[in-house]
Amino acid sequence: MTKGEEKYGWTEGDTPIHITAEAYNSILSQAQHDAPVESCGYALGTIGADGSILITENRNLTNIDHSEEHFSFDPKEQFAAIRYAREHGLKVIGNWHSHPASPSRPSAEDKRLVLDPTAYYLILSLAPDVSGYPYVAEGEPVLNAFRIVSGRVTRYPVIVRKKNRN
């Protein structure tokens, strides 16, 4: 049993999600810039024939709540990001938000507000207490992806690709 399963009761997904260094750095930069307010956006990318997921782009969205504890997307930016994805042959893999002062795990509010059980919900913690081991060094920001179905949480580790592979 992993630390997350033991401590938070989630299950571990069988396939990690890959993200380009550029997309990861864009999410991290926005989260650091906006802290202590939560940041948010869409993770765009591709899904391979084998089901593998690669996030290639981040579309930052404005947290119109300007809150340290929750977020809401700007609807105009949200629709523009979806239009951008379609125009560029990308899929909306999921949405992301930051936890500036809490771990990379869904809060009770995150679980309650889930609208799409097929989407991935990515959470970047700037103050992690759950390691992304073996993918993230202890003490570094942690980005995990989650699927939440009927309140049950499955975690998918996110692996940053140092170089893009074609």
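Let's start at Ala-108, which sits in helix H4, residues 108–112 (helices are DSSP runs of H or I with at least four residues, strands are E runs of at least two, numbered from the N terminus). This is a predicted model, with residues numbered from 1 along each chain as its sequence is written. Local features need pLDDT of at least 70, side-chain atom pairs count only at pLDDT 80 or more, totals for chains, interfaces and linings use all residues, and side-chain values use heavy atoms, leaving out hydrogens and water.

With a relative accessible area of 64%, Ala-108 is exposed (exposed is over 50%, buried under 20%, partly exposed in between, with a 1.4 Å probe and protein chains only). Its C-alpha lies 9.1 Å from that of Gly-151, 43 residues away in sequence.

Now for the rings. The structure holds four aromatic pairs (Phe, Tyr or Trp rings, the six-membered one for Trp, with centres within 6.5 Å; planes under 30 degrees apart are stacked, over 60 edge-to-face, the rest tilted). Phe-71 and Phe-73 have ring centres 5.5 Å apart and planes at 55°, so they make a tilted pair.

Tyr-120 and Tyr-156 are edge-to-face, because their planes meet at 85°, with centres 5.3 Å apart. This pair links distant parts of the chain, 36 residues apart: Tyr-120 is in strand S6 (120–125) and Tyr-156 in strand S8 (152–161). Both tyrosines are buried.
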